[in-house]
Amino acid sequence: MEQRKNNFTSLLLYSLKSKKNWFLLSTVIILITTTLIPFILGIEGEVFIAFGIVEIFILVFVNCLVDNSFLHNDSKLAYYKSKPVSLKNQIFINIINNHILTVFLLALVLLSKTVQNSAIELLEVYKFVIPWLSVGIFLSALSSVLSGNTVAAGLMTIFNFALPGIFYLIIYFMFSILADLIPGFSADVLMEYFVDAFYKLDYIYLIVYTYNRTIDVLYFLILGSIIAFITLLIIKMVKRRKNENTGSFMAFDGYKYFVAVLASLIIPALFTMEFYGSVVSKMTVALLLAALSYYLIIAIMEKAFRISKLSIKVFLVSMTAFIVLTGATVLIATPYKNTVPDSKDVKVAYIGVGGWHYRVINNAIKEQDVLDDEKLAEFEKRYNDINAVLFKNKGNIENITRMHREVLNNQGYNSQNSYMNNMTINYYMNDGSMISREYRTINDANAENKVKDEIAAQILKSDELKEKTYFYLYDEDYFQRYKDSYKLELRDESGTSIDGNIDMEQLRLHLIKDIDGMFNYSVDGAFEALCSYDYQMPSMEKYSGYIEISIEDGRNNRGKSYYSINLGERFVNTREFLGIE
Amino acid sequence: MLKVENLSKKFGEFQVLSNININPESSQLYGLVGSNGCGKTTLLKQIMMIYKQDEGTIYYDDKELKENTEFLSDFYFVQDSLFFPYQSTLSKLFAYEKLLYKNMSTEKFDNLVKYFNIEINKSLNKMSKGQKKQAAFVLAIAAQPKVLLLDEIVDGLDAVIKRKFWDVLIQEVMENEMTVIISSHDLKELDNICDKVGIMHEGKILKEENLEKMKDEIKRVQFAVEGEFNPDGFKEFNIIKSVKIGSINICTLTGNADEFKQQLEKEYKVLLFDKLSMNLEEIFITELGGAGYGTEKK
């Protein structure tokens, strides 16, 4: 045992000694690019320090590939494998070697930063750079064992590093199929939940530690587990490696199929998720692309146009498994498709545009099991901060459930606009649970708009919406408290600032009058207004300038809050008061 | 002692080695000869555990090598397509291999370097093929392994260097009880030095025997008889090959040559009869001819 240890240490030292030229070259590159060049140019070195970190990634990556390239050449492999030191030990000598080089390079960049007295918080950056580099070194070794040539090993290192992200994409693809098949389900909402509850990608990549979070036990636990897992795989794969496949793209047939199957899912996922169209056409395109991608990858890896029967079998089995899995998620979700809660059971609700709103909401509700009055006020504020309204009024909640049933039956709407926003409905129930749905609206020339517009108009005309959206105008207490800090910025349709001494009290009255009457004379387009940001109809209103009000109300960290109102044609009184034609 | 039993190996669908059995003995030179692409190099790499066998067992000192890989530290393999680490010189490589082989002898290394007149500080990758082979051979002998596998080691060497190689090798085998397996196409060279020979063809060992015994077993006779010689009446003598050049018949047989002569005299008037000695190359061609190799008509 002692002898083996000595042997390992001696070989490690020998190997380090033989790398002295690499150390020298890397030192020169780092010092020239991070210290000398900014010094000669006489400029701030932050960009160069950042560039130095990129260089470290490249240098370490190249080093790993060069060191492990002995696995990809028959003569080299036969030479090293015939020596009385195991392949496993040779690989781990390279791993240790590359870690030493990495530490050396990181120290060089840190030195450059210190010499330049740069403001860049390098240690903060190192919190994820170091584990990424370390995991990258291990992954490069694993990829070299799995691959038959060095180019493939390089590509597979990147592939393996991105593997958690690739799985994320495939799961998202499954959810997007689910969302296409079942109205009301959103791939974003499902993914958000899945990532939050199970698939903690930000922890896997340790990105969670980048935002001023201190390194803790969990950090080391995650990093240790990942490295232990890769180490285990290296040991296992070295034992099982088919050295006769040296020179081919892949040393393992199983891994070749694994890569091909995943790649054949990613490519259609990336294409079809960006397309709008019927579910059938999307699925047909996805399957065609999957088959084509799979064929091309296998043909390249096997260096033959005619692929083996086994490859075809693997593809068919994988696709069947994917379809079955997606089908299972559809089956699980189907019973919830027609769920529209009784308005009596709803404490508060949101209806409006989708996108980033639910993220804020979800993050907030996570911390609050049941929304008591105190928490509700905080929760409403969060909504307000994103110019959205959390409806408490029973009449509005009833109208939201009516709209929900209407949209559930038919997502079509006859719009004059080329683009329509999706509709999101979130219910926060009395029992603390949450129901979230996102409906994709369909522009349909034959659709009947009347019912949807009428329900939407009732919500839009409600006092609750106006008072919450334009609280800085409607809330008397608030206005009286902060009116002296109200600052106006008025711009015409060309964006030019309009000067003038405007009486805020008077302007407020005119704005309220216009907002009150906004939906009184017509309900046309109310549905689209409900699905738009700020509950206005910017796309339907001719752009005619806007008013921006800044108030020092201390609602956020900036001290000032900014509210803007698009002065569309329906702001007749305000426009007349301001003298806008 | 090294022993390979029922070893088989497939590369994908291609059967490279099939049911290989060889028994190289210590203090002996074992010649592995065979047609091109018959699997000699694969067999040597298999012994070194570079490839994993699909079936069969390799024993060393009656223990399974797969389960006792530490024995491999007593093995040394010199491959045909030589590789030396980047920018290495013989002296650097010796320092590296000294860390690996516990018996690596500095004295032996120095002597061999002098004997072969090799520049130890010259980059190995800048040396000629012959010089590289000498360098690899020097390291192999200096390592003093118990089993030495040499793949086409004398290929491309001049006669003087070859002679030096054999001298060193024979001395090592005798002094250190080394087991040496040499694969080579140069059958004339092996004929002079091998104790035992394994003849390979299409992944199989066609014959394995002591060279002298092999020569005893396969004989060639030439004779002239009155009338036309018909080999059909001599089946008990296992005539492998029979050709007639002018009035002279030449037969290769595995049966007893003296009894063949007696039988011949009974059936024909024998005008001329001679026993011819066979060398390894002729035995090789005969064995492979029996396996249908090299018998194709133009």
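What percentage of the contacts in chain A with a separation of 6 or more is accounted for by residues 24 or more positions apart? The share is 73%, where two residues are in contact if their C-beta atoms, placed from the backbone, lie within 7 Å.

The model is predicted: local features need pLDDT of at least 70, side-chain atom pairs count only at pLDDT 80 or more, and totals for chains, interfaces and linings use all residues. Residues are numbered from 1 along each chain as its sequence is written, while chains are lettered from A and ligands numbered from 1 in the order in which they are written.

**Chains and domains**

Chain A contains 24 helices and 8 strands; helices (H or I, at least four residues) and strands (E, at least two) are DSSP runs, numbered from the N terminus. Of the 581 residues in chain A, 31% are buried. A residue is buried if 20 or more other C-beta atoms lie within 10 Å of its own, exposed if 12 or fewer, and partly exposed in between, with C-beta atoms placed from the backbone. The domain bounds below come from an automatic or database domain assignment.

| Chain | Domains | Distance between C-alpha centres of domains 1 and 2 |
|---|---|---|
| Chain A | domain 1 (2-161), domain 2 (343-457), domain 3 (468-578) | 52 Å |
| Chain B | domain 1 (2-212), domain 2 (219-277) | 41 Å |

A:Lys83 occupies the loop between α4 (74-81) and α5 (87-116) of chain A. A:Lys83 counts as buried because it has 23 C-beta neighbours inside 10 Å. The C-alpha atoms of A:Lys83 and A:Asn98 are separated by 22 Å, and the two residues are 15 residues apart along the chain.

**Where the chains meet**

Contact between the chains involves 16 residues of chain B and 16 residues of chain A. Helix α2 (residues 90-100) of chain B supplies the largest share of the chain B side, 3 residues. That side of chain B divides into 12 nonpolar, 3 polar and 1 charged; Ala, Val, Leu, Ile, Met, Phe, Trp, Tyr, Cys and Pro count as nonpolar, Asp, Glu, Lys and Arg as charged, and the others, Gly among them, as polar.

**Sheets**

In chain B, 6 strands form an open sheet with mixed pairing, in the order β6-β7-β8-β3-β9-β10; two strands pair if DSSP finds at least two bridges between them. β6 (75-78) and β10 (204-210) of chain B stand at the edges with a single partner strand each, so one side of each is left without a neighbour in the sheet. β6(B) pairs in the parallel sense with strand β7 (residues 147-151) of chain B over 4 bridges, and B:Phe77 stands opposite B:Leu149 in β7(B).

Chain A has an open sheet of 3 strands with antiparallel pairing, in the order β6-β7-β8. Strand β7 (residues 546-551) of chain A joins β8(A) in the antiparallel sense over 6 bridges, and A:Ile547 has A:Ile565 in β8(A) as its bridge partner.

**Nonpolar cores**

A nonpolar core is a set of buried Ala, Val, Leu, Ile, Met, Phe, Trp, Tyr and Cys residues joined through C-beta atoms within 7 Å. The largest has 124 residues, and those with the most contacts inside it are A:Ala141, B:Ala140, B:Leu149 and B:Val180. Helix α6 (residues 122-146) of chain A gives the most to this core, with 10 residues. Leaving aside neighbours within four places in sequence, B:Leu149 is in contact with residues including B:Leu44, B:Phe77 and B:Ile181. A second, separate core of 33 residues includes A:Ala349, A:Leu390, A:Ile397 and A:Ala456.
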